[in-house]
Amino acid sequence: MSVPRFWRNLGSRYNLEGTHCKECGEYYYPPRDTCVNCRRLGKIEAYKFKGTGEVVTFTVIHTAAEGFEEQTPYALAIIKLDEGPCLTSQIVGDPEKVHIGLRVRSVFRKLGSDGERGMIYYGTKFIPDEA
Amino acid sequence: MTIGIVSYGAYVPRYRIKVEEIARLWGDDAEILKKGLMVLEKSVPALDEDAATIAVEAARSALARGAFDPSRIGAVYTGSESHPYAVKPTSTIVAQAVGATPDLTAADFEFACKAGTAAVQACMGLVSSGMVDLGLAIGADVSQGAPSDALEYTAAAGGVALVIGRNESELCAVIEDTYSFTTDTPDFWRREGQPYPEHGGRFTGEPGYFKHVTNAAKGLMKKLDTKPEDYDYAVFHQPNGKFPRNAAKMLGFSKEQIAPGLVVTKIGNTYSGSCMMGLAATLDQAKPGDRIFMTAFGSGAGSDSFSITVTDRIEEIRDKAPKVSELIRDPIYLDYGQYAKHKGKIRFA
């Protein structure tokens, strides 16, 4: 990942910043400037997601992409946030404990880094919400 | 002017390694070590955790507990001896991740195990002068101990964030005063670019920890004209279980006063988080009106003492974020191989 590309989406990656249409109530993650339902009549505002949701589906990665080899096996899931939008994220912890419908909450973790000299990319992952 | 703690938050990674497991590898006697160190196991960061992620989690926990607008934070100072970048402040990452940017000042602190309390003092100064409304002071570490070194048995991971403010109705604890004692003592250091710290043998105990802790503690009690009996609780920096117990005894504090804050036995020495973790665990159970005496120690060397009185507000905010006891229950144990991987002790060519 390039440094500018990461920096541009810092708000979304760190704090789940998205948008919300005040006209129809739709939530968007990642943020959209225009509401797909209301088009030019939409009233978009910034919205910070609560960070809670549930697993819609998941897969367990055994053969990881470069930079993630150390973490296998790990669960990669599609998570439906409580406000509605879905996103893809790693579920931290034992992949055996991940199942469809699992309640999760967001945590701040390292997403990766450009080797030993490059930037460290931080952002959001999810863990089972046991509370 | 009254200055104090508006909120606090702690974070401890879920992974642990037992003293037996480290001793097994190096052929040491685990029973002698456990008795000597009074530590049973230590916390280990996940593969995707470092001092910055721990600082963010602790800070977010403090914000959840305090329930104030993060844009009020005018200063973020993170103390650590394991900042992920040599150049690029951890505090900027924290400030962004808690939604406090951009109207604030930020910097990283380093003073071995007392960088967090040094950050608290800096925030007290900024808050009391009126330069900032709220200050966020954090101590967070993923500390390093070289393989087979004595430090490997205790060097742990964790962090604590304190929000410092001056609005009396908002404070969950008043900081009555602070006092520091600092000298140039070669008890512990890590050179630039080196992965593990070194310790200066005989300087570790008496000329390092005990001299600074007792002088800072006595200095503050003299300044305030207080004595150990005036306090309900006491917290001392806990590099192991023995040092804080001995320091308490030397100063005249009882076992009961230090018991709630002695978290080192189950999580090890969280370095910049260590003393503040003891304070967080004590705040988790203190009652309004209780007085807490806290003394941090950082190698190099110096001690910061604080006299703190808990207010009624503690009851309102305490349960809004996880307590230290909740954070340290249900650990996942690692063997030495997994631990070495988590700590980056295995190097790929």
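In the predicted model, 16 residues of chain A are in contact with 21 residues of chain B, contact being defined as heavy atoms within 4.5 Å. The size of an interface is often given as the accessible area lost when the parts come together. Between chain A and chain B the buried area (the accessible area, with a 1.4 Å probe, that two parts lose on being put together, summed over both) is about 1700 Å², with 48% contributed by carbon and sulfur atoms. On the side of chain A, A:Glu70, A:Phe108 and A:Arg109 supply 35% of the area buried against chain B, more than any other three residues.

The interface of chain A and chain B contains 3 salt bridges, a salt bridge being a side-chain nitrogen of Lys or Arg within 4 Å of a carboxyl oxygen of Asp or Glu. A salt bridge joins the side chains of A:Arg109 and B:Asp48, with an N to O distance of 2.8 Å. At least two residues of the chain A side come from each of α2 (10-15), β7 (103-113) and β8 (120-128) of chain A, the elements being DSSP runs numbered from the N terminus (helices H or I, at least four residues; strands E, at least two). The largest share, 4 residues, is that of β7(A). By class, this side has 8 nonpolar, 2 polar and 6 charged residues, where Ala, Val, Leu, Ile, Met, Phe, Trp, Tyr, Cys and Pro count as nonpolar, Asp, Glu, Lys and Arg as charged, and the others, Gly among them, as polar.

A:Glu70 is located in the loop between β4 (52-61) and β5 (74-81) of chain A. Residues up to four places away in sequence being excluded, A:Glu70 touches B:Leu47, B:Lys341 and B:Phe348. A:Glu70 counts as partly exposed because its relative accessibility is 33%; buried means under 20% relative accessible area, exposed over 50%, and partly exposed in between (1.4 Å probe, protein chains only). The C-alpha atom of A:Glu70 is separated by 38 Å from that of A:Glu26, which is 44 residues apart from it along the chain.

Chain B is divided into domain 1 (4-171 + 324-342) and domain 2 (174-315), with bounds that come from an automatic or database domain assignment. The C-alpha centres of these domains lie 15 Å apart, and their contact takes 59 residues from domain 1 of chain B and 51 residues from domain 2 of chain B. The two domains bury about 4200 Å² between them, with 65% of this area on carbon and sulfur atoms. In domain 1 of chain B, the residues losing the most area to domain 2 are B:Tyr8, B:Met38 and B:Cys113, which together account for 15% of what that side buries.

Across the domain interface there are 20 residue pairs in polar contact (both at pLDDT 80 or more). On the domain 1 side, α5(B) gives the most, with 7 residues, and the side as a whole has 32 nonpolar, 18 polar and 9 charged residues. The domains are also linked by 2 salt bridges. B:Lys114 and B:Asp304 form a salt bridge in which the closest N and O atoms are 3.0 Å apart. B:Lys114 is placed in the loop between β5 (105-109) and α5 of chain B and counts as buried because its relative accessibility is 4%. Beyond its neighbours within four places in sequence, B:Lys114 is in contact with residues including B:Ala296, B:Phe297 and B:Asp304.

Several backbone features were also identified. The peptide bond from A:Tyr29 to A:Pro30 is cis, with omega near -5°, and A:Pro30 lies in the loop between β2 (27-28) and β3 (44-48) of chain A. In chain B, a cis peptide bond with omega of about 5° joins B:Gly300 and B:Ala301. A positive phi of about 50° occurs at A:Leu16, which is not a glycine. B:Ala112 likewise has a positive phi, near 40°, and lies in the loop between β5 and α5 of chain B.

Residues are numbered from 1 along each chain as its sequence is written, and chains are lettered from A and ligands numbered from 1 in the order in which they are written. For this predicted model, local features need pLDDT of at least 70 and side-chain atom pairs count only at pLDDT 80 or more, whereas totals for chains, interfaces and linings use all residues; side-chain values use heavy atoms, with hydrogens and water left out.

Conventions. A polar contact is a pair of N or O atoms within 3.5 Å; within protein, one must be able to donate a hydrogen and the other to accept it, and residues adjacent in sequence count only if both atoms are side-chain atoms.
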